[in-house]
Structure formats: structure tokens, C-alpha cells
Amino acid sequence: MDGQLRASDSDRQRVVADLQRHTEQGRLSLDEFSERVGAVYTARTLGELATVTRDLPAAPADTEPAGGGSTGARRELLIVFAVAVATLLLLVVFMAVTRGLNAGPIGTATSASAGALSG
């Protein structure tokens, strides 16, 4: 296979499925999985796709089911990933709201501290 050929969506999906399998088997952490999936979706050629899985063993041809692997484990991994993303988003919203509440008008903070000092 020529590494300079353009990658198709099905090529990318195949590599993501391989990454999911390696994550399920404990070869990749969720952070590594996320980074590599990002690289898969930005890859333009088959050679770039190959570099994402270069350090992982190839899938044995006779051990992978025709259905594409364990859907239960894949579903659990996707749920964990979705929960992690939702948690990060909630944290960002919480930080934005609390910073907005603590900022207040500049004059109010100055006069409040001046009153406390004189009182």
C-alpha cells in the first residue's frame, strides 16, 4: 500500500476501531486514545494513518470477530469518554460563572474595602 495515497473515511474508521481495541486491552490510556483519534481525523494520507498505530501490534486475523469486536466494552469506553468530556465542560462553565461573580464592579470592591478599613 502506498503511504502517499489519500485516506478515506472508512480507512479512518478502521484505525479508530483498532485504537479502541488496543485501549480495551490496556495498551493505551484514555488520554493516549484521545490524542491518537485526533491525529486519525486530521490525517490525510494512509502513511499518516500508519504512524498512529506504528508502535502497536497488528490485529491477529483469526481472533477478531466479523462484527468488529466487543460492542459492550466499546460502549463502556465511549460512555467513560463522554462523561470525562462532560465533566470538563461543566468545570469550564463553573469556573466562568464563579470568576464572573467574583469580579464585580471595580468601584464596589474599592469602596467596600475602604469602608471596612475606616469602620
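Predicted model: local features only at pLDDT ≥ 70, side-chain atom pairs only at ≥ 80, totals over all residues.
**Overall fold**

The protein chain contains five helices and zero strands, and its order along the sequence is α-α-α-α-α. Of its 119 residues, 19% count as buried. The accessible surface of the protein chain is about 8,600 Å², and carbon and sulfur atoms account for 62% of that area. Where contacts join residues at least 6 apart in sequence, 69% of them link residues at least 24 apart.

**Nonpolar core**

The largest nonpolar core has 13 residues. Within this core, the members that touch the most other members are Val-15, Leu-19, Val-37, Val-40 and Leu-49. Helices α1 (9-24), α2 (30-42) and α3 (46-52) each contribute at least two residues to the core. In soluble globular proteins, nonpolar side chains tend to be buried together.

With neighbours within four places in sequence set aside, Leu-19 is in contact with Leu-28, Phe-33, Arg-36, Val-37, Val-40, Val-52, Thr-53 and Leu-56.

**Helix α2**

Helix α2 has 13 residues, which at 1.5 Å a residue should span 18 Å; the end C-alpha atoms are 19 Å apart, in agreement with that value. The buried residues of α2 include Phe-33, Arg-36, Val-37 and Val-40. These residues lie on the same side of α2, because they cover an arc of only 105° around the axis. The cover over the buried residues of α2 includes α1 and α3. On the face turned away from the buried side, α2 carries the exposed residues Asp-31, Glu-35 and Thr-42.

**Salt bridges**

The structure holds three salt bridges. Side chains of opposite charge can pair when their charged atoms come close.

| Arg | Asp | N to O distance |
|---|---|---|
| Arg-12 | Asp-9 | 3.4 Å |
| Arg-21 | Asp-18 | 3.9 Å |
| Arg-36 | Asp-55 | 2.9 Å |

Arg-12 and Asp-9 are three residues apart in helix α1, so about one helical turn separates them. Arg-12 counts as buried, at 13% relative accessibility, whereas Asp-9 is exposed, with a relative accessible area of 57%.

Arg-21 and Asp-18 also belong to helix α1, and as they are three residues apart, about one helical turn lies between them. Arg-21 is buried, with a relative accessible area of 14%. An α-helix has 3.6 residues a turn, so residues three or four places apart point the same way.

The salt bridge between Arg-36 and Asp-55 has its N and O atoms 2.9 Å apart. Arg-36 lies in helix α2 and Asp-55 in the loop between α3 and α4 (71-103), so this pair ties together parts that are 19 residues apart in sequence. Arg-36 is buried, with a relative accessible area of 16%, while Asp-55 counts as exposed, at 56% relative accessibility.

Notes: Residues numbered from 1 in each chain as written. Heavy atoms only, no water. Helix = DSSP H or I, 4+ residues; strand = E, 2+ residues; numbered from the N terminus. Buried < 20%, exposed > 50% of the residue type's maximum accessible area, 1.4 Å probe, protein only. Contact = heavy atoms within 4.5 Å. Areas by Shrake-Rupley, 256 points an atom, 1.4 Å probe, with all protein chains shown as cover. Core = buried A, V, L, I, M, F, W, Y, C linked by side-chain atoms within 4.5 Å. Salt bridge = Lys/Arg side-chain N within 4 Å of Asp/Glu carboxyl O. Expected span 1.5 Å × (residues − 1). Arc of directions from axis to C-beta.
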